[in-house]
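Please read the following walk through one part of a protein fold with the model open beside the text.

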Amino acid sequence: MATIKEVLEKKSELLCKGLFIDQELIDHYKKQGINIDFGRKGGAGPLGGRYFKFDSPSQEKPIIVNAALWDTRDRTDLILGKKVENKFNIYKKDKNHLWGKLKLIENPKYYSPEYKTSDGIPMRKIALVHGIDCLGTTIYQKCTHWECGNACAFCGIELSLKYDTTILEKTGKQIAEVITAARKEGRCTHLTITSGTEATEDKGALRYLKVLKEIKELHPNIPLHIQIEPLENLSYLKKLKDAGAATIGIHIEVLNDTLRKKITPGKYKIPYSLFEKNWKKSIEIFGRNQVESFILTGFEESEGNLIHNLEKLISIGVIPFVTPVRSIPGKSALPQTDYKSLIDIYLKVASLMKKYDVNPLKNKAGCVRCGGCSAISEAYRIV
Ligand code: SF4
């Protein structure tokens, strides 16, 4: 059984590199009814990944990873090998060097085309299972920053429409029906709900309010996580909480101001001070450990600078959901984070969270609770 430190190291390496998978292996397993494709091509969270489970040292909660699957060896020296008993062998560089073993988390049954919502939409197009039991959905699949030609460099939100893997707008009723189906197979205990930003004063909050209420009518007790841009009108934050959101993500992604302008040109127009106002107000409303911001690594930032900026964020009480930026399949490659430096960042972030009394293990719903895309929680358990 691996120690938590070993799992942190392996998870960080997988998050940075992903896995190479041979098309022959995909075909081989397809014949056996095991579906290992290249993952999502668009939508919420890092793209193109599949979920794997570690031999976890903890009895409480399994440790999972969202690992990119690549069809070329350019981006990774980790290779997905054959399944032996119930785990896949992972090799480093070649088949003489076994790196570890991982269990593939199977897709839920409701992904089959015969599962449809009452208005006839395949359930798979409405919400996907992230990790083991987190349902992820994007309620509005367009974003004003794409329309204005100022999309974030790492974003794939509108690609899912292009690939016809989803629909433009989802209702709370459709999502609630998928929750019911996913719960029947034990695959939903909380949700991540995200959305593209709308070009209105509420930035999409009104859409969230409607969807949250509809979900809560059928599933009053399920914890819901929402993600939204900073709002000028802070009163929406309380309304979102009252409508049923348990946790909130207000994502800055890039902390260095010069890089932020380059990587997130549309969002850059929102001043850092407005992020701070929204984070602080959200902590008042949603409570401690219930407010997070995605932070992406890999954009040539010096580690010292990044940690300095992260301390500012953590000292407010925000959980930094640190994850290496991932290239979007079919688009130009984004920089790769060196996994050894990512481990170091995780350990420093964990120490800072302890220093400022921020605890990701107490988060109630969404990405921080799921933990597939970041190892902050594993690092937190070590320091
Ligand atoms: S952390 Fe989990 S819920 Fe969030 S994007 Fe990653 S896999 Fe999805």
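Two strands are said to pair if DSSP finds at least two bridges between them. In this predicted model, strand S8 (residues 134-138) and strand S9 (residues 190-194) run parallel and are joined by five bridges. One of the residues to look for is Thr-138, whose bridge partner in S9 is Thr-194. Strands of a sheet pair through backbone hydrogen bonds, and the pairing can be parallel or antiparallel.

S8 and S9 belong to an open sheet of seven strands, ordered S7-S8-S9-S10-S11-S12-S13, in which the pairing is mixed. Strand S7 (128-130) and strand S13 (319-324) each have a single partner strand and stand at the edges, so one side of each has no neighbour in the sheet. On average, neighbouring strands of this sheet are turned by 30 degrees against each other, direction ignored.

Now turn to the helices. Helix H11 lies across strand S12 (291-297) and S13, and runs at about 175 degrees to S13. H11 (residues 339-355) also packs against helix H10 (residues 303-316), at an angle of about 30 degrees and with the axes 10 Å apart. How are H10 and H11 oriented to each other? Angles under 35 degrees count as roughly parallel, and H10 and H11 are therefore roughly parallel to each other. The crossing of H10 past H11 is right-handed.

Which residues meet where H10 packs on H11? From H10 come Glu-303, Leu-306, Ile-307, Leu-310, Glu-311 and Ile-314, while H11 supplies Ser-341, Asp-344, Ile-345, Lys-348, Val-349, Leu-352 and Met-353. In this contact of H10 with H11, eight residues are nonpolar, four are charged and one is polar.

Notes: Residues are numbered from 1 along each chain as its sequence is written. This is a predicted model: local features need pLDDT of at least 70, side-chain atom pairs count only at pLDDT 80 or more; totals for chains, interfaces and linings use all residues. Axes are lines fitted to C-alpha atoms, for helices over the stretch in contact, and angles run from 0 to 180 degrees between N-to-C directions. Helices (H or I, at least four residues) and strands (E, at least two) are DSSP runs, numbered from the N terminus. Angles under 35 degrees count as roughly parallel, over 145 as roughly antiparallel, 65 to 115 as roughly perpendicular and the rest as oblique. A crossing is left-handed if the near helix is turned anticlockwise from the far one by less than a right angle, and right-handed if clockwise. Two residues are in contact if their C-beta atoms, placed from the backbone, lie within 7 Å. Ala, Val, Leu, Ile, Met, Phe, Trp, Tyr, Cys and Pro count as nonpolar, Asp, Glu, Lys and Arg as charged, and the others, Gly among them, as polar.
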